[in-house]
Amino acid sequence: METIKCIVCGKNKTTPYIEVSDRLSQNPELYQLVKCDCNFVYLNPRPSEDNIATHYNSPNYDPHNFSKDNKLGKIYKLVQWVTVRWKFRKIASFYQSGKLLDVGGGNGEFADFMALQGWKVYLQDKISKLDNLSDSKNINTVQNLETIKDDEYFNVITLWHSLEHIHNIEKLYFQINRLLKPDGILLIAVPNINAPERTFFNKTWAPFDAPRHLYHFQLKTLNELCSKYKFKIVRKYSLFQDTPYNILLSIEKNKPFQIIKGVLVFYYSIIVTLLRGPEHSSSILVICRKA
Ligand SMILES: [Zn+2]
């Protein structure tokens, strides 16, 4: 385990926030989340980069589990079908074609869709299976951003739920700054610690996801992190599709009335997000440009 300073303000002034267990493991070990004076919540101490891989091995890890051919898997695939098109439209309002780098792109569903739309796509991921891609010839895969050459410039760089998994944020932004065109756009989607459903689930709120999720952003701290690395947010959105997903994963199995609770929390959360906007959504998407 390693201890770190706040990645947003660089200071070391934190108070305990919450202790959570690994929702995918029988291991009784508790992980400590801390809250910095600047309001940023993060996992501290945390497994080092060299030791994190074992925590992704659970057969119950959702991106793997949901791709199965059961009822939940079918719902997940439908939501994913809608979501990749939603993401595509957000990008198309800036650029209709070009070069895209998907950081932490997992099994490549988004990269694949973009390649089919004519984009030249690079996918970076350390642990991913790309066997199911239909247009793999238009996709370059890399394990590390460092290996992408200096003459490869991207119009678009995306981090769909990957920022919260990345250990070395300084190195990440250095690479993004190196690889993104001066007029390019950076899209970052992360779970929102101000999600309306969080208080109903407390320690079992799935996006705490210790020790895989290292950071817990809200719009303010995400904005501060981007400013620190010379990016400004030009648009922000609520990811409504993450509300049912988070609730489904947070529900405590085998307890009575959980389905009723889930439905009520779902309607409450959607109404709050509709009324109060991305700052109070389950996940936030921000689109940034170089400042
Ligand atoms: Zn801080």
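Residues are numbered from 1 along each chain as its sequence is written. Because this is a predicted model, local features need pLDDT of at least 70 and side-chain atom pairs count only at pLDDT 80 or more, while totals for chains, interfaces and linings use all residues.

View 1. Helix α3 spans residues 109-116, where helices (H or I, at least four residues) and strands (E, at least two) are DSSP runs numbered from the N terminus. Of the 8 residues in α3, 7 are buried, a residue being buried if 20 or more other C-beta atoms lie within 10 Å of its own, exposed if 12 or fewer, and partly exposed in between, with C-beta atoms placed from the backbone. The buried residues are E109, F110, A111, D112, F113, M114 and A115. The elements that cover them include α2 (71-92), β4 (99-103), β5 (120-124), β6 (139-142) and β7 (154-160), contact being counted where C-beta atoms, placed from the backbone, lie within 7 Å. After α3 comes G118, which has a positive phi, near 100 degrees.

**View 2. Strand β4 and its two partners.** Strand β4 is largely enclosed by the rest of the structure, because 4 of its 5 residues are buried. It runs parallel to β5, to which 5 bridges join it, two strands being paired if DSSP finds at least two bridges between them; in this pairing K99 stands opposite K120 of β5. Strand β4 is also parallel to β7, with 3 bridges between them, and here L101 has I157 as its bridge partner.

View 3. Together, β4, α3 and β5 form a right-handed β-α-β unit; a crossover is right-handed if, with the strands pointing away from the viewer, the path from the first strand over the helix to the second runs clockwise. Strand β5 is mostly covered, with 4 of its 5 residues buried. Its parallel pairing with β6 extends over 4 bridges, and V142 in β6 is the bridge partner of Q124.

Note on methods: Contact = placed C-beta atoms within 7 Å.
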